[in-house]
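Hi,

Here is the structure I promised to pass on. Have a look at it first, and my notes on what turned up follow below.

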Amino acid sequence: MNPLIIVPTYISAREKARPTGHHTVYDHVTPLSRPGELGRMLKSLQRVRGVGQIVIPVAAERDAAVPAMQKVQAICAQFPSLNIIAVGQAELALIRQRFEQLNMGRMEYEIGLEGYSAVRNLGLVLANIFGYDSAVFLDDDVVIQDPEFLAKGVYGLGKLTRRGIPILAKTGYYLNSEGTYHSKSQDKWYNRYWEQGSAFNSWIDSAMRGPRLSRSNHVCGGCLVLHREAYRRVCFDPWVVRGEDLDYMLNLRMYGSDIWFDNKWVMLHLPPDTKSEGTRFRQDIFRWLYEYRKMEYARTQIDLNQVKPESLMPYPGPFLEPGIRHRIMRTALLRSFGRPDKKQYRNAAKVAFTDATEYAESNCSKYFEFQYIWPELMARTENDRILRTALLESAALRHGEMRQQESLDPGATSEIRLNLPDSE
C-alpha cells in the first residue's frame, strides 16, 4: 500500500496556549520559543523503510500562524531525505475556496487547523485529494524505533478476516518512558470512580495475549492507519473535545465497520509534561458527557448500528453508561482533596451539570449531519487535479521564500537546528 503519513503539530506563541473554545484545548502545544518534539520524531522516521509523502498540518493561533509555519519548515529542512509538506492557513484557504466552488460550503468548524478532529479531517481530505490508498496518523511526540514500522502498520489492511470481515482501520500501541504498554494512571483512593488505568491495562493484557489482529476497544491516535474505504466513508467528530481517536472507533461501529488492534505495531511515546491535570479532567467531563449523549441520540436513528456499553468492557464501556455523571462528580470531589490541582477540580465539578451537560445536549446531533455529507465531499475532491496543483504550488512557493530568506540571513534557523533534541 501507499500511505500518506500525517503528523499534526500544535504550536503556540505563548508558553501556555490560550484556547478559543472547548475544541482548542490541547494536551500539549509547543511554544515558539522551544524546539519541541517534532524534530525528534522526524529523525526517527528516517530509519523507517518505505516512508513516502509526509504532511504536517500546523495548528497555531491566528496571530502565530506565520512564525509557526516558519518554525516547522525550518525543522523539516533538516531532514532532506524525507518528503515533507507543511500545511498551514494558506493551504487551508485554498481548500475552503475549492469547497465553495464545489457547493460544499467552507466547513470552517469541521475541517481546519483548530481542534483535534478538524485537523484530522483535514489530513483525510489531503489524503483524498492526493489519491492515497491509506492514511497513517502519527503524533509529533513519538519515537519510532522499528525500521519495519510502516510495513507492520499496513499489514492486513484492506484484507478480509477468516470470517470475511474487511480490515479497514488499525491501531497499534505505545510504550511509555518506562518501556511498558501499561497505563501509568494510578488507582488511588481518589480514582475509585475513575479507574481508566486499570480498565485499560486489563483490556490490553488480553489483547497482547491474543492473535496479532483482534477487534479493538482502544485507539492510539498517534499510531493509527485508515484504509481509503474507511476514511472516505467516516469522518472524525469535530464536536468531541478530546479523545477523538476513540470516538472514531465508535463512529466506525455505528456505520458498520471497526478498528483492529495489531499487537506487533508499536512505537515509543514521550510526551512533554503537562502542567494542569485538573484542566484535562475538565475536558474529560465534556468528552464523556458528550459521548454518552451522542450514543443515546444515535440509538434513535434507524440507519445506525447500536453500540452498547457492554460491548466495550472493561474500557471504555463504564464511561458510556448512565452513571457517568455520578462518576464525574464523585471523582472531582475526591481529587479536590487528594490531588495538588485542587481548585481546578472544584471548578470541574461545577461544570459537570451545567456547561458540559448543555454542550452535550446542544451538539450531540451535529456530527451525524456532517457525517451525512462527508462521503459526497470525499467523492467531489477525490484526486482533484486543480486543488492538488494549487496546494503543491503553494508549498513550493513557501519553500522558495524560506530558501531566499536563508540566503539573506544564514543564521535565521540556526537556533532551532542547534536545540533539536536527540532521539537516542
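Let's start inside: the largest nonpolar core has 77 residues, and Ile111, Val125 and Leu226 are those with the most contacts within it. By a nonpolar core I mean a set of buried Ala, Val, Leu, Ile, Met, Phe, Trp, Tyr and Cys residues joined through side-chain atoms within 4.5 Å. Helix H9 gives the most to this core, with nine residues. Apart from that core lies another, of 34 residues, including Met69, Phe79, Ala86 and Val136.

Before you read on: this is a predicted model, in which local features need pLDDT of at least 70, side-chain atom pairs count only at pLDDT 80 or more, and totals for chains, interfaces and linings use all residues. Residues are numbered from 1 along each chain as its sequence is written, and side-chain values use heavy atoms, with hydrogens and water left out.

What does Leu226 touch, leaving out residues up to four places away in sequence? Its partners include Leu124, Asp133, Phe137, Leu168 and Tyr248 (a contact means heavy atoms within 4.5 Å).

Now the overall picture. The protein chain has 15 helices and eleven strands (DSSP runs numbered from the N terminus: H or I with at least four residues for helices, E with at least two for strands). Of its 424 residues, 55% are buried, meaning under 20% relative accessible area, with exposed being over 50% and partly exposed in between (1.4 Å probe, protein chains only). Among contacts with a separation of 6 or more, 81% come from residues 24 or more positions apart.

Then the rings. The whole structure holds 22 aromatic pairs; rings of Phe, Tyr and Trp (its six-membered ring) pair if their centres lie within 6.5 Å, and planes under 30 degrees apart count as stacked, over 60 as edge-to-face and the rest as tilted. One of them is Trp194 with Phe319, edge-to-face at 4.9 Å centre to centre and 80° between the planes. This pair links distant parts of the chain, 125 residues apart: Trp194 is in the loop between strand S8 and helix H6, Phe319 in the loop between helices H9 and H10. Both Trp194 and Phe319 are buried.

Phe319 also has Arg327 over its face, 5.5 Å from the ring centre, and Lys170 lies over the face of Trp265 at 5.6 Å. For this, NZ of Lys or CZ of Arg must be within 6 Å of the ring centre and within 35 degrees of the ring normal.

Finally, Tyr173, Tyr181, Phe200, Trp203 and Phe261 form one aromatic cluster.

Cheers
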